Amino acid sequence: MNYLRRRLSDSTFISNLPNGYMTDLQRPEPTQPPPPTTTTTTTTTAARSPSGPPPPATAPAPERKTQPAASTGGGFFSSITNVVKQTAASAGLVEQTQVTTPKKFKILLVIDEPQQEWVKLFRGKKVHGDYDVRVEQAEFSEINVTAHANASCNVNMQVFRNGTKVMRSFKPDFVLIRQHAFSMTHNEDFRNLIIGLQYGGVPSINSLSSIYNLCDKPWAFAQLINTHRKLGADKFPLIEQTFYPNYKEMVSMPSFPVVVKIGHAHSGVGKVKVDNHSKFQDIASVVALTQTYTTTEPLVDSKYDIRIQKIGMDYKAYMRTSISGNWKTNTGSAMLEQVAMTDRYKLWVDTCSEMFGGLHICAVKAIHGKDGRDYITEVVGSSMPLVGEHQAEDRQLIADMVLAEMNLLAENEANAPQRPTTMQPSQGSGQKGEVTGEPIKNPSQGCLQYILDCNGVAVGQKPVQAN
């Protein structure tokens, strides 16, 4: 038996089997009829004739015993067949028939802060009319990703819910990312998770490639420079910026005052106002410790900040005015109000939404100076924070867009053509389309005989060919 297991595990040996042997092993074995029950016959008293003597008593019939040879032979062949079936199934050559319940839900992974309850927005929703939406929500710091080359991805999640540690493992069908994947503050670098999701082929909003490209602000600003050159300064007014790959290059003096942005950060972190040459050199010495890149921009005497956001086909524009007088309008007290969406603003956000293959969710940030000019400074993707009085409406727009994308993917999957089943090549040297060789009356017995013949094992009588 062990020898047969080793031989059947060899892929070269299995590939040389005649066509149809492996599929015939999937047929259920015929049930054996129960053995006949032996009964002891008892003699009955025959009817006596008035003239004849009584007949002699008949002896009980001897009990029949079953022949052990037949059962031994059947057990040998059945054990051989079981070995063939088990080895072929373990090698993946025979499809195992398992009764499994089809998955009637799609798993949506939402990466966001826990106070934003996305489960409520997808409760009762259906994908392709058949699948429920199961939402798994966590932050980047609470998940790990394992991806395989066959487009499968496993996510291990460890979260705390109401003081209880919850651990789950699942395969997401879709992912919505509402957090920054990279920030140099607190060593928040989760780009490896973005790579894992992309490796596993998980669809997302925005696309994982665009999220990865937006993990460095100078890289995204380079795309804005291309748009500025294409449309011109009048239609796309981009602020002037200088890039330094490291502190050693910070020797050319910009015109002061300038704003120095160190590395990649958010919410005004890493931004320093520099007024003269000596402070600029001090900042260069600090950059030497960070071992990262730096950008400088001219300080704009701003009147208010502009934020134009796009969620699907919904547009909104906001104006933020500093009350505390801080040159950083996102620091201290500020007043936020919604303003009319102009064609100029719409052109900005529509153009930026085409970056990196398309951004379903994006926002453009700009500064309106006291000189009456606008300066575009940054573009943000799906991790943009929601602001204003319509946050609940914007969140519902995002949920509807995610559901529409999941429906589209499910429809494409349902309409995808079935992959053709790979058939084993037939033995023989006939022409294309011909079937050579003698037909096999009993495929299972033929497979067994073929295995034994290949290994020089003689079982039973073999016909001897005449010379």
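The structure is a predicted model, in which local features need pLDDT of at least 70 and side-chain atom pairs count only at pLDDT 80 or more, while totals for chains, interfaces and linings use all residues. Residues are numbered from 1 along each chain as its sequence is written, and side-chain values use heavy atoms, with hydrogens and water left out.

**The core**

Begin by selecting Leu224, Phe236, Ile308, Trp348, Cys352, Ile376 and Val379, the residues with the most contacts inside the largest nonpolar core, which has 28 residues. Such a core is a set of buried Ala, Val, Leu, Ile, Met, Phe, Trp, Tyr and Cys residues joined through side-chain atoms within 4.5 Å. Buried denotes under 20% relative accessible area, exposed over 50%, and partly exposed the range in between (1.4 Å probe, protein chains only). Next, display α7 (217-231), β15 (302-311), β16 (314-322), α9 (343-352), β18 (361-369) and β19 (374-380), the elements that give two or more residues to this core. Helices (H or I, at least four residues) and strands (E, at least two) are DSSP runs, numbered from the N terminus.

Now centre on Cys352. Leaving aside residues up to four places away in sequence, Cys352 touches Leu224, Phe236, Leu359, Val364 and Val379; contact means heavy atoms within 4.5 Å.

**The three-stranded sheet**

Move to the open sheet ordered β4-β5-β6, whose pairing is antiparallel. Two strands pair if DSSP finds at least two bridges between them. At the edges are β4 (143-148) and β6 (164-170), each pairing on one side only. From one strand to the next, the twist averages 10°. Select β5 (residues 152-161), which six bridges join to β4; within β5, Cys153 is the bridge partner of Ala147.

Axes are lines fitted to C-alpha atoms, for helices over the stretch in contact, and angles run from 0 to 180 degrees between N-to-C directions.

**Backbone features**

Select Ile205 and Asn206: the peptide bond between them is cis, with omega near -15°. Asn206 is in the loop between β10 (204-205) and α6 (208-213). A cis peptide bond also joins Phe256 and Pro257, with omega about 0°; Pro257 occupies the loop between β11 (242-244) and β12 (258-262).

Gln291, although not a glycine, has a positive phi of about 55° and lies in the loop between α8 (277-290) and β14 (294-298). Gln291 is exposed, at 73% relative accessible area. Phe356, likewise not a glycine, has a positive phi of about 55° and sits in the loop between α9 and β18. Phe356 is buried, at 15%.
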